[in-house]
Amino acid sequence: MSSKIVFITGATSGIGAACAHTFASHGYNLILNARKAVALEELRLHLQTKYNIAVHTLCFDVRNRKAAKEAISSLPSEFASIDILINNAGLALGIDKEYEGNEEDYDTMIDTNITALLMLTRMIVPQMVQRGRGHIINIGSVAGDAAYPGGSVYCATKAAVKILSDGLRIDLVDTPLRVTNIKPGLVETNFSITRFGGDTTRASKVYEGIQPLRGEDIADVVYYAASAPAHVQIAEVLVLATNQANGSIIHRQ
Ligand code: 8X3
């Protein structure tokens, strides 16, 4: 196996799945992580057949540090040298005032969006440093630029992704490794359905009267950063829908 290996967390839906398709279409081999075993297996078979690439799946919840360590240390030798880590798994839950929201939701967002991203970085980057090759691409958000109503904790987690990305870039400045923080705006995925606890009507209102981004639009930017020449480090990219100015200002028809 000579192609590069990309590890994508949260790979079965949204931006993660779009990245899996985009990288597969360019001949990269994939390590796909998600919690849903059936969806993972379906995606593996589909991508392997369609693009004639090698795909390895790792079914675990990124919040489970023990499972993550075991999964990564169990990688077959042909998948052990990860070239690109795409820290994509993340979510928003609820749209409540900071002093009224659900405590467990706060834990889930912080554990997934910050702690798990940090721990996977901690587990995978040392081998990249050792090999003198690697790229860490974190999926941040416009939400990390400024708080918006009801988004306090989610926004805080994405602000943390920015700072963790910046800090890692500092720590790797004397190496050939690159760190990228991609900050999407409104992307129509199951993001809002998850945020509103499965309420599809409420979720669809988020994208009403505006043409939102698609997961594929973000995957294109991720791929651009990953395929840039070795001396080019795309540090941070904010990707908004055309009728969106920031996390709060959205023009709807
Ligand atoms: C998703 C973008 O603005 O819906 O991270 O929070 S937003």
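**Briefing: sheet, helices and cores**

Helix H2, residues 37-51, lies across strand E2 (29-34) and strand E3, and runs at about 175 degrees to E3. The model is a predicted one. Its open sheet has 7 strands with parallel pairing, in the order E3-E2-E1-E4-E5-E6-E7. The largest nonpolar core holds 39 residues, and another core, of 26 residues, lies apart from it.

**Sheet**

- Strand E3 (55-59) and strand E7 (236-239) stand at the edges of the sheet; each has a single partner strand, so one side of each is left without a neighbour in the sheet.
- On average, and with direction ignored, neighbouring strands of this sheet are turned by 15 degrees against each other.
- Strand E5 (residues 135-139) pairs with strand E6 (residues 178-184) in the parallel sense, over 5 bridges.
- Isoleucine 139 has isoleucine 182 in E6 standing opposite.
- Helix H8, residues 215-227, packs on the sheet and touches strand E4 (84-87), E5, E6 and E7. The direction of H8 makes about 165 degrees with that of E6.

**Nonpolar cores**

- In the largest nonpolar core, of 39 residues, the members that touch the most other members are Phe23, Leu30, Leu32 and Ile86.
- Two or more residues of this core come from each of strand E1 (5-8), helix H1 (14-25), E2, H2, E4, E5, H8 and E7.
- The most is given by H8, with 7 residues.
- Isoleucine 86, leaving aside its neighbours within four places in sequence, is in contact with Val6, Phe7, Ile8, Thr9, Cys19, Phe23, Ile137, Ile139 and Val222.
- The other core, which lies apart, has 26 residues, among them Leu58, Phe60, Ala68 and Ile72.

**Helix pair H4 and H5**

- Helix H4 (residues 103-131) packs with helix H5 (residues 152-171) at an angle of about 10 degrees, and their axes are 9 Å apart.
- Angles under 35 degrees count as roughly parallel; H4 and H5 are therefore roughly parallel to each other.
- On the H4 side, the residues that meet H5 are Tyr106, Met109, Ile110, Asn113, Ile114, Leu117, Leu118 and Thr121.
- On the H5 side, Val153, Tyr154, Thr157, Lys158, Ala160, Val161, Leu164 and Leu168 meet H4.
- The contact of H4 with H5 has, by class, 12 nonpolar, 3 polar and 1 charged residues.

Methods
Residues numbered from 1 in each chain as written. Predicted model: local features only at pLDDT ≥ 70, side-chain atom pairs only at ≥ 80, totals over all residues. Heavy atoms only, no water. Pairing = 2+ DSSP bridges. Helix = DSSP H or I, 4+ residues; strand = E, 2+ residues; numbered from the N terminus. Axes fitted to C-alpha atoms, helices over the stretch in contact; angles between N-to-C directions. Contact = heavy atoms within 4.5 Å. Core = buried A, V, L, I, M, F, W, Y, C linked by side-chain atoms within 4.5 Å. Buried < 20%, exposed > 50% of the residue type's maximum accessible area, 1.4 Å probe, protein only. Parallel < 35°, antiparallel > 145°, perpendicular 65-115°, else oblique. Nonpolar A, V, L, I, M, F, W, Y, C, P; charged D, E, K, R; others polar.
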